[in-house]
Amino acid sequence: MASVDFVNVRKSFGTHPVIKGVDIEIADGEFVILVGPSGCGKSTLLRMLAGLENISDGEIRIGKDVVNNLPPKERDIAMVFQNYALYPHMSVADNMGFSLKLKGASKADIEKRVKPAAEILGLSKLLDRYPRQLSGGQRQRVAMGRAIVRDPQVFLFDEPLSNLDAKLRVAMRAEIKELHQRLKTTTVYVTHDQIEAMTMADKIVVMHDGIVEQIGAPLDLYDQPANLFVAGFIGSPAMNFIKGKLDPADSSRFIAEDGSVLPARAPRQATDKPLIYGLRPESLRISGTGIPLTVVVTEPTGSETHMTAKLAGTDVTCVFHERVAAQPGETVQVAIDVGSTHLFDSASGQRLEPAA
């Protein structure tokens with residue numbers, strides 16, 4: 001196992017920069033997820049770490065070694081791809097042990113490494129099968145097994161669950177997390193799915209347009225987003241945003257553009273600049289008296305009720321942990337959990353630190 005460091009890493013394709021000076025420190029044994037929308041540079045960063053893309057500037061270190069110019073086979077990493085990349089004419093056992101065979105390992109040594117990995121992944125009874133005889137989840141476990149038998153310093157995962165159905169993705173998330181807890185190998189995982197990032201990572205790196213927007217533990221990013229992008233990306237359903245300003249006479253009152261008043265956490269420094277009020281969908285609750293919402297759509301899910309409604313002249317998403325029978329056009333009263341609201345500067349997008 002080893003730490004991984006990106007030091008002012010840059011990448012350009014011709015004159016077009018796609019990675020714009022990235023600094024990330026990944027501790028030995030840490031599970032780090034690179035997350036962001038398509039085109040943000042997360043997969044390019046992973047491919048540079050794997051040695052599949054050259055870097056334009058900066059350093060990538062695995063342990064104490066700078067690996068900028070090392071070929072992939074000398075970096076002591078193992079990569080699991082989105083499309084499994086299994087050899088269709090080889091059995092499960094042969095697929096898992098193929099990298100060892102290329103290194104000249106004996107048949108006995110290969111079997112000694114493959115069997116324990118197969119047991120960890122529940123593949124022991126499938127070793128004689130071929131990829132065409134396996135389900136999507138089983139194929140993904142074979143791809144993971146092929147990485148495990150190499151006993152690398154670093155595991156790399158490139159959107160490994162994207163081809164699986166929703167139910168299987170949930171199961172595989174748990175399997176990958178359990179596998180990391182057992183092996184404790186440094187892991188760098190790329191996904192565009194922030195639910196995967198929230199549920200699996202020790203640390204999340206949120207990327208956007210070739211830069212790192214914020215790095216932190218999942219709940220730290222959820223509770224203290226650095227800016228509007230992170231606030232809108234982390235959390236499902238996404239955070240609601242309402243434009244307006246603070247009341248000049250009372251900075252715990254936010255006045256929306258339509259004149260509605262919402263409770264706010266007063267910032268450390270009062271400001272008269274245009275702001276954006278951030279409100280999580282789950283931070284509202286039905287109340288006998290409170291702020292009026294005009295119902296647009298209700299979506300009962302059983303355990304929760306999702307609602308689209310008008311609040312302060314803006315369409316917002318609400319998640320209620322109870323069943324709400326309100327019909328479109330009706331008004332319901334809600335209370336807001338002030339402690340979970342946020343204020344952002346409209347111009348810069350940066351979050352204003354609360355007073356307390």
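Here are legends for several close-ups of one predicted model. Local features are shown where pLDDT is at least 70, side-chain atom pairs count only at pLDDT 80 or more, and totals for chains, interfaces and linings take in all residues. Numbering starts from 1 along each chain as its sequence is written, and side-chain values use heavy atoms, with hydrogens and water left out.

View 1. Residues 4-234 are 36% helix and 26% strand, and their end C-alpha atoms sit 24 Å apart. Helices (H or I, at least four residues) and strands (E, at least two) are DSSP runs, numbered from the N terminus.

**View 2. The largest nonpolar core and Y189.** A nonpolar core here is a set of buried Ala, Val, Leu, Ile, Met, Phe, Trp, Tyr and Cys residues joined through side-chain atoms within 4.5 Å. Buried means under 20% relative accessible area, exposed means over 50%, and partly exposed is in between (1.4 Å probe, protein chains only). The largest core holds 42 residues, and I33, M96, M144, I176 and Y189 make the most contacts inside it. Helix α4 (residues 136-148) supplies the largest share of this core, with five residues. Leaving aside residues up to four places away in sequence, Y189 touches F31, V32, I33, L34, F157, P160, L161, I176, E196 and M200; a contact means heavy atoms within 4.5 Å. Apart from this core lies another, of 29 residues, with I19, V22, V32 and L156 among them.

**View 3. The six-stranded open sheet.** Strands run in the order β6-β7-β8-β3-β9-β10, with mixed pairing; two strands pair if DSSP finds at least two bridges between them. β6 (77-80) and β10 (211-216) are the edge strands, each with a single partner, so one side of each has no neighbour in the sheet. On average, neighbouring strands are turned by 20 degrees against each other, direction ignored. Inside the sheet, β3 (residues 31-35) and β9 (residues 203-208) run parallel and are joined by four bridges. One to look for is V32, whose bridge partner in β9 is K203.

**View 4. β15 and its two partners.** β15 (residues 284-300) pairs with β18 (residues 331-336) in the antiparallel sense over seven bridges, and R285 has A335 as its bridge partner in β18. β15 also pairs with β16 (residues 305-311), again antiparallel, over six bridges, with V297 opposite T308. β15 and β16 make a hairpin with four residues between them, and G302 in the turn has a positive phi of about 105 degrees.

**View 5. Aromatic pairs.** Rings of Phe, Tyr and Trp (its six-membered ring) pair if their centres lie within 6.5 Å; planes under 30 degrees apart count as stacked, over 60 as edge-to-face and the rest as tilted. That rule gives seven aromatic pairs. F229 and F233 are stacked, because their ring centres are 5.7 Å apart and their planes at 15 degrees. The two are four residues apart in helix α8 (residues 228-233), so about one helical turn separates them. F229 is partly exposed at 21% relative accessible area, whereas F233, at 16%, counts as buried. Elsewhere, ring pairs link F31, F155, F157 and Y189 into a cluster.

**View 6. Helix α1.** Seven of the nine residues in α1 (residues 42-50) are buried: K42, T44, L45, L46, M48, L49 and A50. Next comes G51, with a positive phi near 90 degrees.

Key: Axes fitted to C-alpha atoms, helices over the stretch in contact; angles between N-to-C directions.
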